[in-house]
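Me: I'm new to this one and have a few quick questions. Can you walk me through it?

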Amino acid sequence: MMTQQKSIVLESLKSAFEANLNLPNCEPTNTSETSRLDGELIDQDTLLTELDSLEEEAVEHHANMLCPSCKETSIFSFRSMFEKVTCSECRSSFRVPVGTEEFIYDKHVLKLPKLNIFRAYNKENDFYGETLVYEKSGSQVYDLDEIVNLVRAYSQMNLVGYVKPKYFQVDDMAYYLSRPQAPYQMQLYLDNNEETSKNELATILDQTTVMLIALSKRNVFGDVLPSDVCLNSEGNVEICDYGLREALCSQLGTPLPCPYLAPEIIGGGERNEASVVYSLGILAAKLFSGQEVFQELDPSEVNAEREAYIENFKDTKLPSFIKLLLNVNPNKRPPLMQVRDFFLRLSRQRSK
């Protein structure tokens with residue numbers, strides 16, 4: 001069993017995340033009694049397809065909602081789902097929830113084609129955490145037994161620091177995986193354009209690499225996204241969704257967009273340690289720069305974008321070793337253990 005590297009809570013990140021999450025005011029404490037949406041603002045059967053159009057419309061909506069803090073019902077006005085509103089009675093803030101038959105969604109954490117992550121209350125299982133929604137594609141038929149066995153295998157994986165799926169549900173629209181929510185998530189860090197020192201971010205990337213090494217020893221490989229990397233209340237990294245997401249996407253025929261992938265994976269290759277190293281390079285560049293590294297969605301144009309990025313790497317002002325991680329030739333990338341050493345050394349440097 002792997003022993004996680006100990007670290008103190010990164011105070012700059014903690015304050016940033018706490019300000020964003022406002023956990024005491026947005027978490028439902030029971031079923032629909034704390035976050036009920038009385039008006040029919042969105043059809044339950046078309047939640048995922050309707051969200052985009054509702055957000056684009058500059059129309060003000062009104063709904064009777066129960067404040068999670070003071071339990072007073074009043075009319076709230078908002079222009080988009082998951083918008084933060086303020087109670088006129090107690091002045092506490094919470095986000096507009098979206099109710100369906102099975103879930104109450106109160107924040108949209110990550111949006112990708114055919115894959116969405118919501119902070120949500122699972123009514124059937126009386127559980128509040130994060131729910132991953134894998135949309136089904138048209139009339140395509142999937143082997144449910146294979147998917148169930150896949151989810152079960154990950155739910156039974158015993159690895160300290162890996163956040164396992166807790167509940168699995170399915171309907172005509174999608175597959176739903178619910179898992180615990182870590183207090184601080186790097187996706188939200190990026191979304192809020194927060195800043196912290198390179199050595200603190202390197203500490204997070206060091207611990208992330210340690211986790212990925214442990215997973216690789218179990219033959220689990222994936223593409224590490226910012227939403228995969230969370231910090232628990234002790235300031236240690238936890239990994240979620242990684243590996244299971246890629247296995248499910250392969251079953252469902254819904255690959256991740258090109259900007260998240262190593263070149264050889266875009267070309268149809270299999271994930272391995274080298275592709276994980278490239279993925280870590282993308283993640284590190286995102287965290288250090290606060291910006292998306294790649295934008296190209298057309299597979300035929302990916303190589304040109306990646307080559308241009310490497311040719312102009314000095315303009316990024318990123319740590320030089322990241323260029324090694326992003327080598328287009330998998331055989332020239334460093335192994336994960338050496339990548340861990342890069343991050344560990346950077347984490348020990350004095351902040352400037």
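Reply: A term to start with: a helix axis here is a line fitted to C-alpha atoms over the stretch in contact, and angles run from 0 to 180 degrees between N-to-C directions. Also keep in mind that this is a predicted model.

Me: OK. How do the axes of α9 and α12 cross?
Reply: Helix α9 covers residues 273-289 and helix α12 covers residues 336-347. Their axes come within 10 Å and cross at roughly 20°.

Me: Parallel or antiparallel, then?
Reply: Angles under 35 degrees count as roughly parallel, and α9 and α12 are therefore roughly parallel to each other. The crossing of α9 with α12 is left-handed.

Me: Which residues meet there?
Reply: From α9, E273, V276, V277, L280, A284 and F288. On the α12 side they meet L336, V339, F343 and L346. Sorted by class, that contact has nine nonpolar residues, no polar ones and one charged.

Me: What about α6 and α9, how do those axes cross?
Reply: The axes of α6 and α9 come within 11 Å, with a crossing angle of roughly 160°. Angles over 145 degrees count as roughly antiparallel, so α6 and α9 are roughly antiparallel to each other. This crossing is right-handed.

Me: And which residues of α6 and α9 meet?
Reply: K198, L201, A202, L205, T208, T209 and L212 in α6 are in contact with V276, L280, L283, A284, L287 and F288 in α9. By class, the contact of α6 with α9 has 10 nonpolar, two polar and one charged residues.

Me: Changing topic. In what order do the four strands of the open sheet come?
Reply: The order is β9-β14-β13-β12, and the pairing is mixed.

Me: Which strands stand at the edges?
Reply: β9 (162-163) and β12 (184-185). Each has a single partner strand, so one side of each is left without a neighbour in the sheet.

Me: How many bridges join β9 to β14?
Reply: Two, and β9 and β14 (residues 237-240) run parallel. Y162 stands opposite I239 in β14.

Me: Which strands does α6 lie across?
Reply: Helix α6 (residues 198-216) lies across β9, β13 (229-231) and β14. The helix runs at about 50° to β14.

Me: What is phi for R91?
Reply: Near 65°, which is a positive value in a residue other than glycine. R91 is in the loop between β3 (84-86) and β4 (93-95). With a relative accessibility of 57%, R91 counts as exposed.

Me: And N193, what is its phi?
Reply: About 55°, positive although N193 is not a glycine. N193 lies in the loop between α5 (186-191) and α6. N193 counts as exposed, at 61% relative accessibility.

Me: Last bit, the whole chain. How many helices and strands?
Reply: There are 12 helices and 14 strands. Of the 352 residues in the chain, 53% are buried. Among contacts between residues at least 6 apart in sequence, 61% join residues at least 24 apart.

Key. Residues numbered from 1 in each chain as written. Predicted model: local features only at pLDDT ≥ 70, side-chain atom pairs only at ≥ 80, totals over all residues. Heavy atoms only, no water. Pairing = 2+ DSSP bridges. Contact = heavy atoms within 4.5 Å. Parallel < 35°, antiparallel > 145°, perpendicular 65-115°, else oblique. Left-handed = near helix turned anticlockwise from the far one by under 90°. Nonpolar A, V, L, I, M, F, W, Y, C, P; charged D, E, K, R; others polar. Buried < 20%, exposed > 50% of the residue type's maximum accessible area, 1.4 Å probe, protein only.
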